[in-house]
Amino acid sequence: MAGGKKVAVCFILYVEVWVLDTALIFRPDMVARDPDVVDESFRQYAIEWGIPRVGRLFNEQGMPLSIALNALFPEKHPDVWKQFRSLVPKAPIIAHGINNSTELLPLGRGLDEQEAYIHRTLDLIEKDTGVRSHGMDKPKRYTPMPIHLGRPPPKAFTYSLDGMDSDILSRLTTKSGPLVLIPYPAVTVDMGQYLGALETTK
């Protein structure tokens with residue numbers, strides 16, 4: 001590139017667990033169905049087929065991959081997790097909250113409860129994977145984490161995937177040391193378009 005600059009690409013796969021009847025709505029014409037077989041099946045297909053397929057692909061290509069992991073996934077889907085992890089055993093694990101539907105970052109209940117949630121997420125992931133995550137991407141977009149509000153991050157917490165309003169890497173100086181903010185441009189992915197559509201319909 002011009003001026004000797006380089007572009008860094010980081011592939012992150014979101015490995016998530018949801019609670020029944022809390023799926024994102026991909027087919028609004030089917031929303032009246034109970035149970036919502038169509039939207040639930042999209043998610044289940046991803047868990048049983050999509051996640052192992054991505055693991056095989058990155059393994060075959062010898063490409064690095066990072067995993068944004070809901071803490072409850074290894075417990076809820078142990079066979080899928082073991083199969084996937086065997087394919088990408090060295091992939092860094094990014095803490096991605098407890099689940100993606102009913103156990104989100106407890107916004108509005110004070111910073112102490114939010115910090116407890118972060119620690120619980122890190123502890124659960126370490127218990128079930130043997131890996132202590134060094135970063136986090138919470139399962140709730142467009143809202144700051146306690147570390148962005150002046151609280152120091154947990155020990156060995158070195159980065160956060162919550163830079164929503166920028167495409168530039170930045171760094172916070174905290175009492176626990178530097179914290180890198182890695183941009184997550186949600187508006188460029190399907191999820192961001194979905195959330196944007198929700199905002200315009202309110």
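Helix H1 passes helix H3 in a left-handed crossing. This is a predicted model. The axes of H1 and H3 come within 8 Å and cross at roughly 10°. Angles under 35 degrees count as roughly parallel, so H1 is roughly parallel to H3. Residues from both helices meet here. H1 brings Ile47, Ile51, Pro52, Gly55, Arg56 and Asn59. H3 answers with Val80, Gln83, Phe84 and Leu87.

| Helix | Residues |
|---|---|
| H1 | 37–61 |
| H3 | 78–87 |
| H4 | 111–129 |

Now to helix H4. H4 has 19 residues. From its first C-alpha to its last, H4 reaches 27 Å, close to the 27 Å expected at 1.5 Å a residue.

Which residues of H4 are buried? They are Gln114, Tyr117, Ile118, Thr121, Leu122, Leu124 and Ile125. These residues cover an arc of only 160° around the axis, so they lie on the same side of H4. An α-helix has 3.6 residues a turn, so residues three or four places apart point the same way.

What do the buried residues of H4 pack against? Their partners are three strands: S2 (66–69), S3 (93–95) and S4 (135–136). The other side of H4 has exposed residues, Asp112 and Lys127.

Gly130 follows H4. The phi of Gly130 is positive, near 80°.

Key: Residues are numbered from 1 along each chain as its sequence is written. This is a predicted model: local features need pLDDT of at least 70, side-chain atom pairs count only at pLDDT 80 or more; totals for chains, interfaces and linings use all residues. Side-chain values use heavy atoms; hydrogens and water are left out. Helices (H or I, at least four residues) and strands (E, at least two) are DSSP runs, numbered from the N terminus. The expected span of a helix is 1.5 Å times one less than its number of residues. Buried means under 20% relative accessible area, exposed over 50%, partly exposed in between (1.4 Å probe, protein chains only). The arc is that of the directions from the helix axis to the C-beta atoms. Contact means heavy atoms within 4.5 Å. Axes are lines fitted to C-alpha atoms, for helices over the stretch in contact, and angles run from 0 to 180 degrees between N-to-C directions. Angles under 35 degrees count as roughly parallel, over 145 as roughly antiparallel, 65 to 115 as roughly perpendicular and the rest as oblique. A crossing is left-handed if the near helix is turned anticlockwise from the far one by less than a right angle, and right-handed if clockwise.
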